[in-house]
Amino acid sequence: MDDHGLEEFRRRWQEELAQAQAQRRRRRRGAGERRARRPEAGAFGEQASGYLALAQGLLEGAGRPPAPRPGRTDRRDATSRSRSPPDRDAAEPDEPLVDQLIRDLNEMEEVPFFDVQLPYELAINIFQYLNRRELGRCAQVSKTWKMIAEDEVLWYRLCQQEGHLSKNRISDYTCWKLILQECLAKEHMLRTNWKNRKGAVSQLEHVPDAVLCDVRSHDGVVIAGYTSGDVRVWDTRTWDYVAPFLESESEEEEPGMQPYVSFVRINSSLAVAAYEDGVLNIWDLRTGKFPIHRFEHDARIQALALSREKATVATASAFDVVMLYPNEEGYWHVAAEFEVQKLVDYLEIVPDTGRYPVAIATAGDLVYLLKAEDSARTLHYVYGQPATCLDVSATQVAFGVKSLGWVYEGNKILVYSLEAERCLSKLGNALGDFTCVNLRDSPPNLMVSGNMDRRVRLHDLRSDKIALSLSAHQLGVSAVQMDDWKIVSGGEEGLVSVWDYRMSQKLWEVHSRHPVRHISFNSHSLITANVPYEKVVRNSDLDNFACHRRHRGLIHAYEFAVDQLAFQSSLSVCRFPCDTMAGYSYDLALSFPYDSV
């Protein structure tokens with residue numbers, strides 16, 4: 001490009017910039033917002049077309065400046081020739097044109113990007129990929145973006161994605177942004193109460209002249225079985241702890257001489273109890289306190305399992321495993337029966353298996369996969385390595401194995417894939433036996449376990465390594481559960497400990513007399529059960545009631561959201577008229593002044 005062409009390009013460039021600046025000043029002085037945007041956009045379009053022509057000329061290596069655009073007159077060109085170029089151009093005559101073009105583009109303050117009109121549905125589809133913080137920033141851009149960023153559909157999806165009010169519909173509330181803020185504030189309050197041990201605690205009422213045998217809970221509903229043969233149910237969500245008894249159809253002529261309760265299980269609609277004489281009772285919590293089905297085994301029931309989602313029960317007695325569930329008409333029947341080679345130690349039902357139920361059973365050193373439409377299949381077998389604990393999820397099963405014999409490999413936890421029926425991971429190498437493992441309630445790719453060597457271990461299933469090891473209980477770990485930030489463990493010495501595993505720090509602990517056999521918690525409540533080793537023989541003429549009270553076992557219910565309590569139970573079997581409450585709001589740390597946190 002010769003000197004004449006360069007001078008001509010600079011002159012036209014400065015003229016276009018001067019016109020664009022003049023139009024911006026006129027718009028700011030008094031023109032309306034809508035009328036002012038159009039000339040500015042037009043000026044910017046003229047600038048952009050000129051820049052594109054310049055870029056095209058530079059790329060093609062043209063030796064002349066871009067041709068003048070139609071609509072420009074010679075009079076304006078003659079007038080603009082008399083204008084002198086700015087001092088910047090005079091001071092830097094040898095600056096490359098491309099660098100000067102980029103510098104001038106960077107000096108532009110206003111670009112009419114937000115004037116682009118999009119269909120509302122298309123804008124919603126674009127904004128749905130943003131999180132709540134990004135939506136808040138977009139709402140500060142303009143009125144149009146604020147209207148899009150605060151759309152109810154976007155905030156309803158955020159509530160669903162973060163696990164808040166997952167069962168509600170979008171029409172249930174009018175401002176989902178405010179609902180999400182309230183849910184986050186409540187979540188922060190609950191976490192603070194958990195860390196500081198603030199809330200309400202109550203001890204569930206015991207059965208006189210009886211010792212606690214087994215305890216389970218589901219979503220705040222607790223079931224307990226006693227040596228007197230009694231089965232009780234509490235709904236801790238209502239704080240109405242006058243629990244009803246579930247009646248049994250005992251064939252004993254003498255009242256009060258029912259056999260001991262061996263196992264109890266509960267889900268959202270069913271309660272199940274197994275007795276020492278091989279009798280199994282099933283209650284429907286929505287209809288009443290009399291059993292809807294009774295099943296009898298010839299021998300003592302050694303293991304009991306109840307599905308958390310469906311009406312499916314599995315029992316193990318002698319060398320037989322039986323699956324029960326109702327048909328389409330509601331009548332219970334034996335859906336499948338399996339024969340195993342050894343006595344069953346642990347039994348669990350796999351969740352979310354579709355039409356046919358699936359169970360996992362451990363019998364000594366054998367681990368069985370039991371499908372209702374198939375025969376019993378051996379999932380794992382190593383001679384001389386018995387299983388010591390068991391837990392299942394929808395896709396995996398985890399169980400501890402004890403290493404015996406001349407070749408000692410250390411005690412481990414094996415994780416199997418239920419679909420491929422093969423071992424995925426071998427975790428740990430401990431000297432003690434693994435006594436408990438929690439896979440179903442743990443976050444994805446994580447699992448927590450307890451061992452007789454006093455330690456609680458956090459396993460990373462992706463790397464097959466131990467992510468964290470905590471020295472927790474002096475006599476061994478008996479129960480454990482975790483969520484996304486904390487671990488709650490129970491020991492044989494009766495101690496319940498709460499840990500923040502992200503900080504590897506113990507938050508607080510509570511001690512009772514007997515070993516901890518059951519732990520279940522959610523975001524706002526905690527259920528613990530201390531079940532004694534020895535079952536005291538029933539005696540109605542006990543003179544020393546205080547001594548009996550020390551040996552009967554304890555069930556504690558902790559509530560960390562006392563301002564959100566409801567006083568009406570959703571279960572008909574737990575609806576009792578009661579004007580008093582057994583639980584009170586106070587600092588849990590004051591209840592146990594002898595604890596050192």
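T312 counts as buried, its relative accessibility being 7%, where buried denotes under 20% relative accessible area, exposed over 50%, and partly exposed the range in between (1.4 Å probe, protein chains only). This residue is placed in the loop between strand 9 (301-306) and strand 10 (313-317); helices (H or I, at least four residues) and strands (E, at least two) are DSSP runs, numbered from the N terminus. When residues up to four places away in sequence are not counted, T312 touches A305, L306, S307, L324, Y325, I349 and P357, a contact being defined by heavy atoms within 4.5 Å.

The model is predicted, and for that reason local features need pLDDT of at least 70 and side-chain atom pairs count only at pLDDT 80 or more, whereas totals for chains, interfaces and linings use all residues. Residues are numbered from 1 along each chain as its sequence is written, and side-chain values use heavy atoms, with hydrogens and water left out.

In the chain as a whole, 12 helices and 32 strands are found. Of the 597 residues, 46% are buried, and the chain exposes about 31900 Å², of which carbon and sulfur atoms supply 50%; accessible areas come from the Shrake-Rupley method with a 1.4 Å probe, and for residues only the protein chains shown count as cover. Among contacts between residues at least 6 apart in sequence, 49% join residues at least 24 apart.

T287 is exposed, with a relative accessible area of 60%. A polar atom of the T287 side chain lies 3.2 Å from the backbone oxygen of D284; a polar contact is a pair of N or O atoms within 3.5 Å, and within protein one must be able to donate a hydrogen and the other to accept it, while residues adjacent in sequence count only if both atoms are side-chain atoms. The C-alpha atoms of T287 and S269, which are 18 residues apart along the chain, are separated by 9.4 Å.

Strand 31 (residues 554-559) is largely enclosed by the rest of the structure, because six of its six residues are buried. Both of its faces are covered, with L554, H556 and Y558 buried on one side and I555, A557 and E559 buried on the other. Strand 31 pairs in the antiparallel sense with strand 1 (residues 198-203) over four bridges, two strands being taken to pair if DSSP finds at least two bridges between them. Within this pairing, V201 has Y558 as its bridge partner in strand 31. Strand 30 (residues 525-530) also pairs with strand 31 in the antiparallel sense, here over six bridges, and S525 stands opposite E559.

An open sheet is formed by four strands in the order 13-14-15-16, with antiparallel pairing. Its edge strands, each of which pairs on one side only, are strand 13 (346-349) and strand 16 (377-381). Neighbouring strands of this sheet are turned by 20 degrees against each other on average, direction ignored; axes are lines fitted to C-alpha atoms, for helices over the stretch in contact, and angles run from 0 to 180 degrees between N-to-C directions. Strand 15 (residues 366-371) runs antiparallel to strand 16 and is joined to it by four bridges, and the bridge partner of L366 in strand 16 is Y381.

Side chains of opposite charge can pair when their charged atoms come close. With a salt bridge defined as a side-chain nitrogen of Lys or Arg within 4 Å of a carboxyl oxygen of Asp or Glu, the count comes to 23 salt bridges. One of them links R237 with D219, the closest N and O atoms being 3.5 Å apart. R237 lies in the loop between strand 4 (231-235) and strand 5 (261-266) and D219 in the loop between strand 2 (212-218) and strand 3 (221-226), so this pair ties together parts that are 18 residues apart in sequence. R237 is partly exposed at 28% relative accessibility, as is D219 with a relative accessible area of 48%.

A further salt bridge is formed by R294 and E296, whose closest N and O atoms are 3.3 Å apart; R294 is partly exposed at 23% relative accessibility, and E296 is partly exposed at 45%. D374 and R377 likewise form a salt bridge, with 3.4 Å between the closest N and O atoms. D374 counts as partly exposed at 32% relative accessibility, and R377 is partly exposed with a relative accessible area of 30%.
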